[in-house]
Amino acid sequence: MSYLQNLHIHTTYADGKDSPEEIVLAAIQKGFDSIGFSEHTYMSFSDYPYQMTVADMLKYKNEILNLKEKYKNQIEIFCGLEYELFSDVPTDGFDYLIGSVHYLKFDGKEVGFDRGVEEVKNYVNNYFNGDSLKFAQKYYETMLLLPQKNDFDILGHFDLLTKTNELNGFIDNSSKEYLNYGYEAIRNLKGKIPLFEVNTGAISRGYRTTPYPQIEFLKEFKKCGFGAVITSDCHDKNFIDCYYNEAREMLLEAGFKTLHILTTDGFKEVKI
C-alpha cells in the first residue's frame, strides 16, 4: 500500500490516552501520509464520563485546524467526528463523518452495549432474555437508521456487537441466522453510506485477534459495491497502525483491490 492513512482516532478530548499533537507526532514518526481525528459526539442521554462535550467541540475543531497548519509540510490532517446514532449535535464544518451504533433503545431509553465481557453478558440476559440472536437482530435493524440521521461517509465497526465474542462466546457468529441479519443490513445500507471501515481497534485492546468486520461480511460489502478504509480506531498513539497488514490481507481475500483515502478533493481510490 503506497498511502498510509487512519481516519478513526480518539484523543484526550474523549476516551483517548493522548493529546492530538502527540498523535500527530506519532503518525509522522510511523510514516503516515495523513490522519483524521474522529472524536465521539456528545450524547446527552449518556453518563459515559469520557465523551466530548458540546463546548469541547469548538475547541477540538480549532486545535485540529491549528495542528493542520503547524504540520502542513509533514502530514495532511483532517478533522472529523464519530457520530453516535442517537446523538443530536451539529456537524457543520467537519471534513468527514463516521456513523456508529454503540447504544440500543428500549422503551425510549438508550442503553450502551459496547462494554466489558461480563457487562455484555448481563446486557444480553437483561434485555434479550439471554437470546444473543435477538440482540444481533436489534443491533443490525437499528443500524439501518443511520442514513436517516446524517449523510455519513464511513460506516463504523460494522459488527461491533461481537467485540468481546472471542472471550465469552455469547453468539455463534458463523450461524446462518446471525449472518443473515448482517447481510440484510449491508444490502439495505447499499448506496446510502458509501464506505465502511476495516477496524483493528479491538485487537489493540485485547478483545479480538482479527479485525472487524468478519470475512463473510467483507465479501458481502464487496458484492454490494461499498468502498473500504482501514482504521485502527486509535485510542493510544502506540497502536495507530495496529494490524494494518492483516487488515489489507483480509480485504484482498474478500476480493478488494483498492482502498479509499480522504484527500482535500474528497475520497479517492488507491491500490491496496
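These legends accompany several close-up views of one predicted model.

**View 1. Helix H9 crosses helix H10.**
Helix H9 covers residues 215-223, and helix H10 covers residues 244-253. Their axes come within 9 Å. The two axes cross at roughly 60°. H9 and H10 are therefore oblique to each other. Their crossing is right-handed. On the H9 side, the contact is made by Ile 215, Leu 218 and Lys 219. On the H10 side, Met 250, Leu 251 and Glu 253 take part. By class, the contact of H9 with H10 has 4 nonpolar residues and 2 charged ones, with no polar residues.

**View 2. Helix H7 runs beside helix H9.**
Here H9 meets another helix, H7, which covers residues 176-189. The axes of H7 and H9 come within 10 Å and cross at roughly 25°. An angle under 35 degrees counts as roughly parallel. H7 and H9 are therefore roughly parallel to each other. H7 passes H9 in a right-handed crossing. From H7, the contact uses Tyr 178, Leu 179, Gly 182, Tyr 183, Ile 186 and Arg 187. From H9, it uses Glu 216, Phe 217, Glu 220 and Phe 221. The contact of H7 with H9 has 6 nonpolar, 1 polar and 3 charged residues.

**View 3. Helix H3 packs against helix H4.**
H3 spans residues 117-128, and H4 spans residues 132-143. They pack at an angle of about 85°. Their axes are 9 Å apart. Angles of 65 to 115 degrees count as roughly perpendicular. H3 and H4 are therefore roughly perpendicular to each other. Tyr 123, Val 124 and Phe 128 make the contact from H3. Ser 132, Lys 134, Phe 135 and Lys 138 make it from H4. These residues of the contact of H3 with H4 divide into 4 nonpolar, 1 polar and 2 charged.

**View 4. The largest pocket.**
This pocket has a volume of about 640 Å³. It is lined by 28 residues. The closest to its centre are Asp 15, Tyr 48, Asp 114, Lys 163 and His 235. By class, the lining of the largest pocket has 8 nonpolar, 9 polar and 11 charged residues.

**View 5. The second largest cavity.**
A search of the whole structure finds 2 cavities of 30 Å³ or more. The second largest cavity has a volume of about 50 Å³. Phe 113, Asp 114, Arg 115 and Val 120 are among the residues that line it. The lining also includes Phe 135, Leu 160, Leu 161, Lys 163 and Thr 164. By class, the lining of the second largest cavity divides into 5 nonpolar, 1 polar and 3 charged residues. Look again at Asp 114 and Lys 163: they line this cavity, and they are also listed among the residues closest to the centre of the largest pocket. Phe 135 of this lining also belongs to the H4 side of the contact with H3.

The peptide bond from Tyr 212 to Pro 213 is cis. Its omega is near 10°. Pro 213 lies in the loop between helix H8 and H9. H8 covers residues 201-204.

**View 6. A positive phi at Asp 107.**
Asp 107 has a positive phi of about 50°. Asp 107 is not a glycine. It sits in the loop between strand S5 and strand S6. S5 covers residues 103-106, and S6 covers residues 109-112.

Technical notes: Residues are numbered from 1 along each chain as its sequence is written. This is a predicted model: local features need pLDDT of at least 70, side-chain atom pairs count only at pLDDT 80 or more; totals for chains, interfaces and linings use all residues. Side-chain values use heavy atoms; hydrogens and water are left out. Axes are lines fitted to C-alpha atoms, for helices over the stretch in contact, and angles run from 0 to 180 degrees between N-to-C directions. Helices (H or I, at least four residues) and strands (E, at least two) are DSSP runs, numbered from the N terminus. Angles under 35 degrees count as roughly parallel, over 145 as roughly antiparallel, 65 to 115 as roughly perpendicular and the rest as oblique. A crossing is left-handed if the near helix is turned anticlockwise from the far one by less than a right angle, and right-handed if clockwise. Contact means heavy atoms within 4.5 Å. Ala, Val, Leu, Ile, Met, Phe, Trp, Tyr, Cys and Pro count as nonpolar, Asp, Glu, Lys and Arg as charged, and the others, Gly among them, as polar. On a 1 Å grid over the protein atoms alone, a cavity is a set of points where a 1.4 Å probe fits but cannot get out, and a pocket is an open set with protein on both sides within 12 Å along at least five of seven lines; lining residues have an atom within 4 Å of a point. Grid points are joined across faces, edges and corners, and a volume is the space filled by probe spheres set on the points.
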